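Subject: Structure for you to look at

Hello,

I am passing on a structure that you have not worked with before. Please open it alongside this note; what was found follows below.

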Amino acid sequence: MKHEFIKRILSSIILIPLALFFVIKGSIFFNFFILICFLITLYEWHMMSKKKSYYFLGFIFIFFSFYAAYELRNNFKGEYIYFLFIALICVSTDIGGYIFGKIFKGPKLTKISPNKTYSGMIGGYFFSIVLTNIYFSYSYLFSTNQEFTHKIFIFVILISTVSQIGDIIISYFKRLSKIKDTGKIIPGHGGLLDRIDGMIFAFPIAYLIFKIY
């Protein structure tokens, strides 16, 4: 367990700065990055769900999810801060859920995903609120000044909830396929789909909300 945790930390230290580089740099760099992620995700979904009745529906949803992410980065007011905002909510939700779940344990949240606990769910909300608040406090570094209003608070809770539901949904599909991870591409984490399971649900919802409001 300790060895896996160390690999998880080292992978994050390497991958997070790389991802930030491609997202902030934008243009062909981001397009290349998201295309590679899209292809890997499709491959992992293919390997996990081939011969299943929901196989093609998954492909359609993944396509729409990546389209939403692409639009948010490239065509939504020309700013990467919106993309980073959604990604930060999902990542902090994941981190908070993992830390609180490991420390406090407690009752299981659902039988679909045995590792999910109520304490982890609360930790996900807690971390997403705290880290996005810090993000907005230093928004001037991104050439914008944003305040963490009550509307933003509600939005963070909503996207965090969607992210956690997405995590559970992918866990359900993994159980149907009788696998633990969707792949082995990221040491300590598993497959790419294991890491972005919450994001592929959060980005479409966020995109629709931004388009409406």
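Which residues form one aromatic cluster with Y82? The cluster consists of Y82, F85, Y135, F136, F148, F155 and F210. Please keep in mind that the model is predicted.

A search of the whole structure gives 26 aromatic pairs. In one of them, the rings of Y67 and Y207 have centres 6.2 Å apart and planes at 80°, so this pair is edge-to-face. Y67 belongs to helix α3 and Y207 to helix α8 (residues 199–212), so the pair links distant parts of the chain, 140 residues apart. Y67 is partly exposed, at 36% relative accessible area, whereas Y207 is buried, at 10%.

Y82 and F210 also make an edge-to-face pair, with 5.7 Å from centre to centre and 75° between the planes.

Helix α3 covers residues 55–74 and spans 29 Å from its first C-alpha to its last, close to the expected 28 Å. Its buried residues include Y55, I62, F66, L72 and R73. R73 also lies over the face of F30, 5.9 Å from the ring centre.

Two lysines have a positive phi. K51, in the loop between α2 (27–49) and α3, has a phi near 75° and is exposed, at 85% relative accessible area. K178, in the loop between α6 (150–177) and α7 (192–196), has a phi of about 60° and is exposed too, at 77%. Most residues other than glycine have a negative phi.

Regards

Note on methods:
Residues are numbered from 1 along each chain as its sequence is written. This is a predicted model: local features need pLDDT of at least 70, side-chain atom pairs count only at pLDDT 80 or more; totals for chains, interfaces and linings use all residues. Side-chain values use heavy atoms; hydrogens and water are left out. Helices (H or I, at least four residues) and strands (E, at least two) are DSSP runs, numbered from the N terminus. The expected span of a helix is 1.5 Å times one less than its number of residues. Buried means under 20% relative accessible area, exposed over 50%, partly exposed in between (1.4 Å probe, protein chains only). Rings of Phe, Tyr and Trp (its six-membered ring) pair if their centres lie within 6.5 Å; planes under 30 degrees apart count as stacked, over 60 as edge-to-face and the rest as tilted. A charge sits over a ring if NZ of Lys or CZ of Arg is within 6 Å of the ring centre and within 35 degrees of the ring normal.
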